Amino acid sequence: TIPFTTNDAGALTIGGVPATDLAQQYGTPLYVYDVERIRGAIRAYRTAFDQHNVDYAVSYAAKAFASVAMFQVAAEEQAHLDVVSGGEIATAQKAGFNMANVSFNGNNKSDDELNYALEVGLGTIIVDNDFELVRLAKLAAAKGIKQKILLRIAPAVSAHTHEYIMTGQADSKFGFDVASGQVADAIKKAEAETSLDLLGLHAHIGSQIFEIEGFVAEAEKLVELAAANHFTPRVFDVGGGFGIQYTDDDKPLASNKFIDALVAVIEKGAHANGWDTPAIWIEPGRSIVGAAGTTLYTAGSSKTIPGVRTYQTVDGGMGDNIRPALYQADYQAVVADQATAPATTTVTLAGKYCESGDILIKDAKLPAIKPGDIIALLSTGAYGYSMASLYNRNPRPAVVFAENGKSQEVIRRETWEDLTDHDLDYQG
Ligand code: LLP
């Protein structure tokens, strides 16, 4: 089983608080983060970099879980932030995040989003394509700003992961294409623009990756591209994608393994080309918040089809966690007040949404469950709340942070009233 914490009674605790107490206080479904684990994940990357003599930034990829409180914790841990929308910039602003430490990714940023970024003094814009390069140069010039940028390239490296979250291959919607000379053109163009300051290159090869090889190939590609274009990089941003453990089948590497390998390649490349070693930026999302998050559900109805299976229903599902339905993602569950009890039954954990595919875990091995029991899905901290929907008009759950035996709501639960708030009567 994957790691979780319990008290003397064998009941699940999160940040030192019994999960059943959290469920009772805040209701279910409920996302709970163990804040100390978020801090620990950021510190592990920083400590890994600190073993080397390089400038670096650990930019938390906001998309994994964006909220004011999360960004505040990231700032406390000296993480930078990578955003992908005006909404994430607004959240960073509300959190009081230092905008100089924010980078902005995305393959189709609007003029409104670019102007917003320029107005708040956002540190680095990661330019994805020529259309954006030309527009950003104009918008920055109009404001009299010299904007720091990176160019995102498609490094033509495939990582072993689900097709939907693979992004580094040449046939990708993201980044400048290498083979056709787009990167060479973009470097020339960016260097010629007086309103742009080209710091370096960016790539991202995918998500939930367990092997070092893809990152090494990616870093080598960045070095090779800079050298081939007689460009002296000040920054190489290698993106995120470091894998985490959802079930026993996942064997993630310690974060320092990735960092050590990346630093080695980039130092070697800098040496070979006579550059000062560029700063190395990473953009981890999942590996910062994934394992720190748990979703608490209340068990409801169940249905046994003799000789086939038992469906055990919970009060959430695909609206708060689309990953099983979308990526066939696997999770592990525990029954909160008997987290260490041996499994005695096999049940398929199903959600409450009106779709047969709304299954959270197929054939979970658990102790016997009765209605009202709190069931915890582990490692749901990344791409859970951030991909939550209002499907079937179910309000989104609350998010709670727990640390040192204390807990606090950081996103309030939506209500039925919230859901109808934007609805207008038809006047026709
Ligand atoms: N940087 C860029 C440019 C990215 O596109 C991503 C993720 C990250 C960083 C962070 O990657 P991470 O460290 O979290 O793997 N919704 C999917 C994951 C999509 C990832 C998209 N980009 C899922 O639930 O598995």
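Author: Helices (H or I, at least four residues) and strands (E, at least two) are DSSP runs, numbered from the N terminus. The expected span of a helix is 1.5 Å times one less than its number of residues. The model is a predicted one, in which local features need pLDDT of at least 70 and side-chain atom pairs count only at pLDDT 80 or more, while totals for chains, interfaces and linings use all residues. Residues are numbered from 1 along each chain as its sequence is written.

Helix 6 comprises 13 residues, 130-142, and reaches 18 Å from its first C-alpha to its last, close to the 18 Å expected. Its buried residues (20 or more other C-beta atoms within 10 Å of their own, C-beta atoms being placed from the backbone) are Leu133, Leu136, Ala137 and Ala140. These cover an arc, taken from the directions from the helix axis to the C-beta atoms, of only 105 degrees, which puts them on the same side of helix 6. The face turned away from that side carries Phe131 and Ala142, which are exposed (12 or fewer such atoms).

The cover over the buried residues includes helix 5 (111-119), strand 8 (124-127), strand 9 (147-154), helix 7 (182-192) and strand 11 (196-202). Helix 5 packs on helix 6 at about 45 degrees, with the axes 10 Å apart; axes are lines fitted to C-alpha atoms over the stretch in contact, and angles run from 0 to 180 degrees between N-to-C directions. Contact (C-beta atoms within 7 Å) is made by Asp111, Leu114, Asn115 and Leu118 of helix 5 and Arg135, Leu136, Leu139 and Ala140 of helix 6.

After helix 6 comes Gly144, with a positive phi near 65 degrees.

Note on methods. Two residues are in contact if their C-beta atoms, placed from the backbone, lie within 7 Å.
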